[in-house]
Amino acid sequence: MTDPAETDPAGTVAGNQVDTGTGKLFLPDMDISELEEFFAGIGQKKYRAKQVFGWIAKGAVSFDEMTDLPLALREDLKLLARVSCLKIRKKFVSAVDGTVKYLFGLDDGNIIESVLMEYNHGYTACVSSQVGCKMGCSFCASTVAGFRRNLTAGEILEQVLAIQRDSGVRVSNVVVMGIGEPFDNYDNVIKFLRLANSHHGLNIGYRHMTVSTCGIVPGILRFAGEGFQVNLAVSLHAPNDRIRAKLMPVGRKYRIDKIIEASKIYTEKTNRRIMFEYALIEGVNDLPENAVELAFLLKGLLCLVNLIPVNPVDETSYRQSGRKRTERFAAILKENGIETTVRRELGSDINAACGQLRLREMSARGSPEREQETGTGTAKG
């Protein structure tokens with residue numbers, strides 16, 4: 001397992017992605033100050049930076065769309081930079097609840113997943129932070145297909161932009177809960193949050209963003225010091241270190257008591273409630289005594305427990321807890337003063353859980369490098 005400080009995104013120069021095949025800068029990686037520096041470097045006025053930043057936020061995929069830029073400048077920019085790197089390889093729309101699952105192809109042939117979900121409060125985009133995942137959680141499809149590389153800030157941002165372009169809706173909430181461990185790609189995730197929050201761009205409030213971690217303690221503590229009002233979700237999935245270490249290799253490095261300690265610091269510094277995610281697995285972590293132990297562990301902490309029916313993955317033998325076991329588990333937590341919800345399963349008919357489609361695609365093709373294809377409709381998982 002890799003600490004956040006040890007991670008360096010591949011294929012980047014000064015934090016901005018450069019296409020090694022073309023040598024072009026990927027402008028969605030840049031904030032306004034970096035764009036100003038870029039334009040000054042090519043003999044242009046700095047105000048061009050805000051113009052281009054705004055066009056990127058509108059979802060522009062080419063410089064030809066940026067009609068307030070001089071034609072000569074647009075032609076020069078085509079030689080130096082690019083503003084899009086994602087293409088929809090496949091798209092699945094749930095017949096049950098309208099959830100949309102995207103399988104995006106990157107320029108280097110890798111594939112990632114994103115999800116668009118509709119709630120009463122608006123549309124939420126769930127985005128990936130890495131191509132694959134190193135964390136090795138035994139119940140998660142993301143780790144089965146293996147880790148390839150980190151995503152840059154612009155690649156994370158473009159998932160939101162591509163979803164908005166395709167769907168025609170405005171995304172008002174973002175959750176970094178897709179493929180990957182966000183704190184294993186710390187700097188790029190932080191930059192993405194800043195880019196998405198910029199009032200010159202998407203203008204999504206920090207309180208409408210959520211970052212999910214499997215419990216990287218140094219990342220939680222570092223995140224607490226950023227001064228964001230971002231929601232933090234911690235994938236706990238067990239009431240003690242013994243069970244957690246079996247489910248999640250990260251549990252052998254960071255003990256639960258250290259995770260709880262770091263979570264308390266986060267709530268104290270941000271005044272934001274922590275959400276603990278708990279995937280219920282039949283006979284593994286869903287017993288009444290597990291609920292009692294979890295309630296004791298979280299007592300007095302500003303938190304919410306979100307119980308999740310574990311997603312079936314062919315490569316594992318785990319089974320979802322039935323409704324009665326789930327309701328009993330939730331009732332015990334509530335009786336002990338722990339605010340608890342049971343996650344509504346969105347997109348269950350299209351494999352909307354992170355990593356499932358990527359795993360299926362890679363298994364079917366043998367590798368992610370193949371001809372792109374786009375399909376729309378429902379798919380039974």
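Tutor: Let us begin with how α5 and α6 meet: α5 passes α6 in a right-handed crossing, where right-handed means that the near helix is turned clockwise from the far one by less than a right angle, and left-handed means anticlockwise. This is a predicted model, in which local features need pLDDT of at least 70 and side-chain atom pairs count only at pLDDT 80 or more, while totals for chains, interfaces and linings use all residues. Residues are numbered from 1 along each chain as its sequence is written, and side-chain values use heavy atoms, with hydrogens and water left out.

Student: At what angle do α5 and α6 cross?

Tutor: The axes of α5 (residues 153-167) and α6 (residues 186-197) come within 8 Å and cross at roughly 45 degrees. That makes α5 oblique to α6, since angles under 35 degrees count as roughly parallel, over 145 as roughly antiparallel, 65 to 115 as roughly perpendicular and the rest as oblique. Axes are lines fitted to C-alpha atoms, for helices over the stretch in contact, and angles run from 0 to 180 degrees between N-to-C directions; helices (H or I, at least four residues) and strands (E, at least two) are DSSP runs, numbered from the N terminus.

Student: Which residues in α5 and α6 meet?

Tutor: A153, I156, L157 and V160 in α5 meet N188, V189, K191, F192, L195 and A196 in α6, with contact meaning heavy atoms within 4.5 Å.

Student: OK, and what about α1 and α2, how do their axes cross?

Tutor: The axes of α1 (residues 32-41) and α2 (residues 48-57) come within 8 Å and cross at roughly 125 degrees, and α1 and α2 are therefore oblique to each other. α1 passes α2 in a right-handed crossing. From α1, the residues I32, L35, E36 and F39 meet R48, A49, K50, V52 and F53 in α2.

Student: New topic: how many salt bridges are there?

Tutor: A search of the whole structure finds 17 salt bridges, each a side-chain nitrogen of Lys or Arg within 4 Å of a carboxyl oxygen of Asp or Glu. One of them joins the side chains of D184 and K134 (3.5 Å, N to O). D184 lies in the loop between β11 (171-176) and α6, and K134 in the loop between β9 (130-131) and α4 (141-144), so the pair ties together parts that are 50 residues apart in sequence.

Student: And what is the mean pLDDT of the chain?

Tutor: The mean pLDDT, the predictor's confidence in each residue from 0 to 100, is 86 for the chain, and 81% of its residues reach 70 or more. However, pLDDT stays under 50 over residues 1-15 and over residues 367-381. Where pLDDT is low, the predicted coordinates should not be read in detail.
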